[in-house]
Amino acid sequence: MDIYSEIKNILQELCQTEGTTALHLAKVKNVNGQTCTITIGELEISDVRLRSVVNNDTTGMLLTPKEGSFVMVTDLSNGKKSDWAVVMYSELEKIETKIGQMEISLSGEKISVKKGSINLFNLLDGLITQILALTVPTGTGPSGTPVNASEFTQIKTKLGQIME
C-alpha cells in the first residue's frame, strides 16, 4: 500500500460520520484561481474550493496545489456532493497570504514580500544600488566606489534569483 492510500485509510477511520466518509483522496486535474478541478477515481469534480470563501477578496491565505498532485477533499454539502473544499495537500505550487496591507507570496522559484506598494525586493535592490554608487568626501576629493563592489553586485544578483 502506498503512503497516500495509508493516509486516506487512517483519515477515513478518524472521520466516519453516519456511515459516510468525510474525507476523500483526489488528484488535482487543473487549478483556476481560487478553485480547482479534481478527480476521485473516474469522477471529475470542478469548482472545488481552495479557500473558505471563493470571491475577489485576497485577504487570508490561498494554497495552490500542484497540478497532478494529491489532495484530501471534503464534501461541505452534507452528502449532496455539490460543494467541495480541499483540506490537505501533498504538493504546493504557490502559497499566498494577505493580512492587512502585508502580502507574502511563495512559489518554488521566488518569494515576494509587500506592504501596499512597498516591495521588499525593490527596497533591497535600491539599497545595494546606492551602496555601489557610494563615494565619501575626503581631504583630497571624493573617494572611489566601494572596494568590495563586486560582492555587492553578486548579492544583488542572488536577491533577484530568489525574490520578486
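T64 is found in strand 6, residues 60-65; strands (E, at least two residues) and helices (H or I, at least four) are DSSP runs numbered from the N terminus. The model is predicted, so local features need pLDDT of at least 70 and side-chain atom pairs count only at pLDDT 80 or more, while totals for chains, interfaces and linings use all residues. Residues are numbered from 1 along each chain as its sequence is written, and side-chain values use heavy atoms, with hydrogens and water left out.

- T64 is buried, at a relative accessible area of 12%; buried means under 20%, exposed over 50% and partly exposed in between, with a 1.4 Å probe and protein chains only.
- Beyond its neighbours within four places in sequence, T64 is in contact with V31, L92, E93, K94 and E96, where contact means heavy atoms within 4.5 Å.
- G60 also lies in strand 6, and counts as partly exposed at 29% relative accessibility.
- Residues up to four places away in sequence aside, G60 touches R51, E96, T97 and K98.
- G60 and A149 are 89 residues apart in sequence, with their C-alpha atoms 41 Å apart.

- Five strands form an open sheet in the order 6-9-10-11-12, with antiparallel pairing; two strands pair if DSSP finds at least two bridges between them.
- Strand 6 and strand 12 (118-119) stand at the edges with a single partner strand each, so one side of each has no neighbour in the sheet.
- Strand 6 and strand 9 run antiparallel and are joined by six bridges; L63 stands opposite I95 in strand 9.
- Strand 9 (residues 92-99) pairs with strand 10 (residues 102-107) in the antiparallel sense, over six bridges.
- Bridge partners in strand 10 are S105 for E96 and I104 for T97.
- The hairpin of strand 9 and strand 10 has two residues between the strands, and G100 takes a positive phi near 60 degrees there.

**Nonpolar cores**

- The largest nonpolar core has twelve residues, among them A26, C36, I45, L62, V73 and W84; such a core is a set of buried Ala, Val, Leu, Ile, Met, Phe, Trp, Tyr and Cys residues joined through side-chain atoms within 4.5 Å.
- Two or more residues of this core come from each of strand 3 (23-32), strand 4 (35-40), strand 5 (43-49), strand 7 (70-75) and strand 8 (84-89).
- A second, separate core of five residues includes F121, I128, L159 and M163.

**Salt bridges**

- The whole structure holds four salt bridges, each defined as a side-chain nitrogen of Lys or Arg within 4 Å of a carboxyl oxygen of Asp or Glu.
- D83 forms a salt bridge with R49, with the closest N and O atoms 2.7 Å apart.
- D83 lies in the loop between strand 7 and strand 8 and R49 in strand 5, so this pair ties together parts 34 residues apart in sequence.
- The side chains of E91 and K66 meet in a salt bridge of 3.8 Å, N to O.
- E91 sits in the loop between strand 8 and strand 9 and K66 in the loop between strand 6 and strand 7, a link between distant parts of the chain, 25 residues apart.
- A salt bridge of 3.8 Å, N to O, is also formed by the side chains of D125 and K156.
- D125 in helix 2 and K156 in helix 3 (residues 149-162) are 31 residues apart.
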